[in-house]
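Work through the following exercises with the model open. Each task is followed by a stepwise solution.

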Amino acid sequence: MSRFFRRDSSDSEDSSSDDNQSDIDDFDLATVKKAAGGAAVGGKRAMFLRRDNDSSDSDSDSDDSNDDDSDDDDDVPKKPSASALFGRQSDSEEDDEEGGGKRLKSARDKRFEEMRAFCKTLQNGKKINDWVAIQNEFDKLVAAYTKFTANKNEPHQRFFIRTCVEIEDFVKTFSENKDAVKKMNASQAKSFNAMKQKIKKHNKLINDEIQKFLENRVTEEESENELVEEVEIAKPVARSKPVVEEDEEAEGEGDIDGSFTVVGRGKNIDLSPEMLYKSLKELLDSRGKKSTDKLALVETLKLLLEHSTVNDFQRLKVLLSLIPAQFDHTPSSGYMSVESWRSLAGNVNKALAIFESVPNFILIDHLNDDTPETELEKQALEGNKVYFHGNLASFVDRLDDEFTKALQNLDPHATEYIDRLKDETIIYGLIVRTQKYYEKTHGPKNELLGPILMKRVEHLYYKPDAVVKIAEDAVRSLYPTLSGLEPMEDLLNGLCLRLYNTNNDRIRTRTLLCHAYYHALHDRFHKARDMLLMSHLQETIQVTDISTQILFNRTMVQIGLCAFRCGMIKEAHNALSEISSSGKVKELLAQGFQRYGDKSPEQEKLEKQRQLPFHMHINFELLECVYLTCSMLLEVPNMAVNAYDSRRKVISKPFRRMLDYHERQVFIGPPENTRDHIMAASKALAKGEWEKCRDLIYAIKIWDLIPNAQKIKEMLGRKIQEEGLRTYFFTYSKFYDSLGIVQLSSMFSLPVSAVYSITAKMIISEELHASLDQPTQTVVLHRPGPGIEMSRLEYLASTYADKVQSFVESNERLLETRSITLGLQNQGGEKVDKEKSGGGGTGGGARKFDAKKQKGGSGNASRGRR
């Protein structure tokens, strides 16, 4: 008897309860024997059949027996209630009428129910964003699952893996909602941060099982449907057990012979060659349905391809169905695994090989032919033309997109990214092979070639010639029988010239940008610049799609870097200024994005999809270094020439802001990063210390990333010397009457001819008021007339006057405001005084005032006469 029903009553009540307990025990024995089919209960039978016949047993004995029963409740089924024995019909009796008997829960089932209850509570916590409850229930679930797998040596259960994946996805989604995270209270925030660490650490331990689950992800509803179907199927199986055993043996033999296989939920597909087309039609009809297992569909099509095809027509039919099915099966991670992608690329290669070997097989996009497959196969065997529905170019395009997705989601600093990048040879070879097939079947000027050629150009335009040569050699080694390949010397130019003749405006625009990028990458600045200027693309780029705008930004940046490498500082600054000063360089170049509060999750998702793979990135640090160096060489002389001009021209506002911030610092330590080096070099150049400026610029390590780094440094040193001379003229010309050219040459380590050239250019452009005296080799400096050039004293006086004037104006406005308020108050007070004094007094007062005024006027007049 349980503790719940125990009462402090008389011995008679104890004995009656013992008799009832005896009856219950007898009923339990009969029920267990019926459910187990007469099997022996085992060592626990004595405890299960335990009865308390002695009415003098104490409550302590009853408690001990109940404690024993509670210890063994994992293995011993619960006893039926009194309502099952007396009164109305119980659920177990209804089950007996159905033939199923009473279902006895084992310890394993109890563990499952407990863990599923934790999962359900977790789901409820997710609905209301209760992170405290989520954390507590997750800890309980992990503890229970760990105990379950450790004691029973059970494999990992799908419901547990699914719950862990869903929690991780929910944590990531909630983290992106910055507003919700900020509004959390302290306890919720603490639990949320703890859950982020726990789920990340826990999922690493079961990473292999998670990957297997993600490849064939099953929702909770589908899992419950499968369980229901299994239960429904299990009932007739239990009634006819010998028949099922024979069926299972027959199925095993069928699998060995390859006659049929089971697909999905008990559906048999015949793998015999005679039933190929019927089986293929059934599989294609099931494609796209919600209940269809995509992975099982792909595997079945692979079995059809391996066991059921006997000629090229049948293989091609299965391949053209298998390739789209493989594209449909994309894991929840968002990109294909390496094995799936390589398998898909191999199938596309097989289809291409069949089309190349059998010229009678023609692939077209739109096909409305109801001819039976058997008749088409007969025509194919006779050598007649047979048309297939499909598009190889779209297959290759989709395969390239999947390759790009994989690179976007991999860590670029890991070896896995390098290993994955090696597969670019496979996709590039497929692009070239598809191009040659279309040229052979449709001619070299067909419009279908446009997208294929564009894909090929997009794989080549950002690579140096040496890397392009390696890619072409790899294609020739992969497909030695491929004919008609272009010469590698002028490959990209030839491809771009062919694309210029297409009718697609988007393809022509992207081709022009890729071509200009390629020229700029190889230091052909004038060609790249002229292509953009003649096309007037900068006027219409705003109406193009976003990916084309990103390509335009990349091209402009590469042209700016090309101008810098060629020593054209002003052109480089003009090309880089718009992008570098925008503050959104990552977004404009599709090399990352910043999380702003006004972006929706859909916008962030689209930006992630537009990101470029890491090996296509332009180095941000190099871009900033080049832009700031060009700004220094242009802005420092400009600051010197307009030092005392209130309306001075600013060439680079970002550089000027950085320099002002750097000068306002109380303590300036040694330069540490690229920006600090350039700011320190700018201050040294403004003082005329060109050698210190050159050393600071040379100390920047980012120059090693540029080809011919030593040549670039020499060019920068020469530019620093020239701009240092110009800055010296602007700063100190007002203090000298003449300067010796030889002395200037020795000060800045420049040839005399270079000093002559620089000085002459400054005089011609009216930047310097001077003349060259060639016999004495001096520069005679002229004083400008008054009002032409402002001295420092005049500049300070003008600045002081402006500040005083603004101060006086503000003070007058403040005084005017206060005087208006005070005047209204005084006016109100006088009005009250007049009302109190009355009319007569007011008139007399006015006459007295007039008399005094007249007397004062006559007095003043007399004083004026005297």
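**Exercise 1.** Determine in which helix Ser191 lies, and whether Ser191 is buried or exposed.

Solution. Ser191 is part of helix H10, which spans residues 186–205. The model is a predicted one. Next, take the accessibility: the relative accessible area of Ser191 is 7%. Buried means under 20%, so Ser191 is buried. Last, list its contacts, leaving out residues up to four places away in sequence: Ser191 touches Trp131, Val132 and Gln135.

**Exercise 2.** Find how many disulfides the structure has, and explain the result for Cys562.

Solution. A search of the whole structure gives zero disulfides. Cys496 is in none, and the nearest cysteine sulfur, that of Cys514, is 6.9 Å away. Cys496 has 0% relative accessibility and counts as buried. For Cys562, the closest cysteine sulfur belongs to Cys566, at 4.2 Å. A disulfide requires sulfur atoms within 2.5 Å, so this distance is too far for a bond. Cys562 is also buried, with a relative accessible area of 0%.

**Exercise 3.** Describe the largest nonpolar core and the surroundings of Ile678.

Solution. The largest nonpolar core has 152 residues. Among those with the most contacts inside it are Phe361, Phe564, Met632, Ile678 and Trp703. Helix H32, residues 620–641, supplies the largest share of this core, eleven residues. Beyond residues up to four places away in sequence, Ile678 touches Cys625, Leu628, Thr629, Met632, Phe655, Ile697 and Ile700. Apart from this core lies another, of 30 residues, including Leu122, Leu141, Phe148 and Val165.

Methods: Residues numbered from 1 in each chain as written. Predicted model: local features only at pLDDT ≥ 70, side-chain atom pairs only at ≥ 80, totals over all residues. Heavy atoms only, no water. Core = buried A, V, L, I, M, F, W, Y, C linked by side-chain atoms within 4.5 Å. Buried < 20%, exposed > 50% of the residue type's maximum accessible area, 1.4 Å probe, protein only. Helix = DSSP H or I, 4+ residues; strand = E, 2+ residues; numbered from the N terminus. Contact = heavy atoms within 4.5 Å.
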